[in-house]
Amino acid sequence: AVTSGEDSDETGIVVAGRGADGHGYILKDATCKLSPLEWAKRAVYQFDEWAADRIVAEVNNGGDLVEATLRAVRLTIPYEAVHASRGKRVRAEPVSALYEQGRIHHVGLFDALEDQMCNYVPDAVDSPDRLDAMVWAVTALGLTVQTEELVAVDITPRRRIGV
């Protein structure tokens, strides 16, 4: 989010990892409603706390602001910008399939994230910031693509996420 007012969106910050078993693990939901500099500090803190490889950020509504803000906190932060060229529902479907296959696990309690997952309505006005951050994180782990060690994921469109 580019603002931190009462009516501002939250900034979704989700930490995820890939296990030796090829499964995805949701480790932390650090979503917040903070100013750009403060959410960037939070993201970099999570990066350090979890010994992450990189920060992945959707830049459709922030453009260069996201990277510049993160680099204001740490110039050398490993960063990857992603662009949403498809709707949230289409992006979430492969991740939903991984949940259905039992290949994504939550390590801890994530009530607000799970509420967004269960209550998501495609094409709704409200942005599911936590859900979107989780989808980008899992996608960045390479779990939604077919490789020799992974099972292929059916990405046939469905009417609801079903997670």
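## Helix α5 and its burial

In helix α5, the residues Asp 129, Arg 130, Leu 131, Asp 132, Ala 133, Met 134, Val 135, Trp 136, Ala 137 and Val 138 are buried, where buried means under 20% relative accessible area, exposed means over 50% and partly exposed lies in between, computed with a 1.4 Å probe on protein chains only. Because 10 of the 12 residues of α5 are buried, this helix is largely enclosed by the rest of the structure. Helix α5 covers residues 129-140 and reaches 16 Å from its first C-alpha to its last, close to the 16 Å expected at 1.5 Å a residue; the expected span is 1.5 Å times one less than the number of residues in the helix.

The model is predicted, so that local features need pLDDT of at least 70 and side-chain atom pairs count only at pLDDT 80 or more, while totals for chains, interfaces and linings use all residues. Residues are numbered from 1 along each chain as its sequence is written, and side-chain values use heavy atoms, with hydrogens and water left out.

## Overall make-up

The protein has five helices and five strands, and from the N terminus on its elements run β-β-α-β-α-β-α-β-α-α. Helices (H or I, at least four residues) and strands (E, at least two) are DSSP runs, numbered from the N terminus.

Of the 163 residues in the protein, 40% are buried. Among contacts with a separation of 6 or more, 65% are accounted for by residues 24 or more positions apart, contact meaning heavy atoms within 4.5 Å.

## Packing of α3 against α5

Helix α3 (residues 88-100) packs with α5 at an angle of about 65°, and their axes are 10 Å apart. Axes are lines fitted to C-alpha atoms, for helices over the stretch in contact, and angles run from 0 to 180 degrees between N-to-C directions. The crossing of α3 and α5 is left-handed; a crossing is left-handed if the near helix is turned anticlockwise from the far one by less than a right angle, and right-handed if clockwise.

On the α3 side, the contact is made by Lys 88, Arg 91, Ala 92, Val 95, Leu 98 and Tyr 99, and on the α5 side by Asp 132, Met 134, Val 135, Trp 136, Val 138 and Thr 139. The residues of this contact divide into eight nonpolar, one polar and three charged, with Ala, Val, Leu, Ile, Met, Phe, Trp, Tyr, Cys and Pro counted as nonpolar, Asp, Glu, Lys and Arg as charged, and the others, Gly among them, as polar.

Val 82 lies in strand β4 (residues 79-82) and counts as buried at 12% relative accessibility. Val 82 and Trp 136 are 54 residues apart in sequence, and their C-alpha atoms are 8.3 Å apart in space.

Just after α5, Gly 142 takes a positive phi of about 80°, and Gly 142 is buried, with a relative accessible area of 18%. The C-alpha atoms of Gly 142 and Gly 22 are separated by 9.6 Å, although these residues are 120 apart along the chain.

## Packing of α1 against α2

Helix α1 (residues 36-49) and helix α2 (residues 64-73) pack at an angle of about 65°, with their axes 9 Å apart. The two helices are therefore roughly perpendicular to each other, since angles of 65 to 115 degrees count as roughly perpendicular, under 35 as roughly parallel, over 145 as roughly antiparallel and the rest as oblique. α1 passes α2 in a right-handed crossing.
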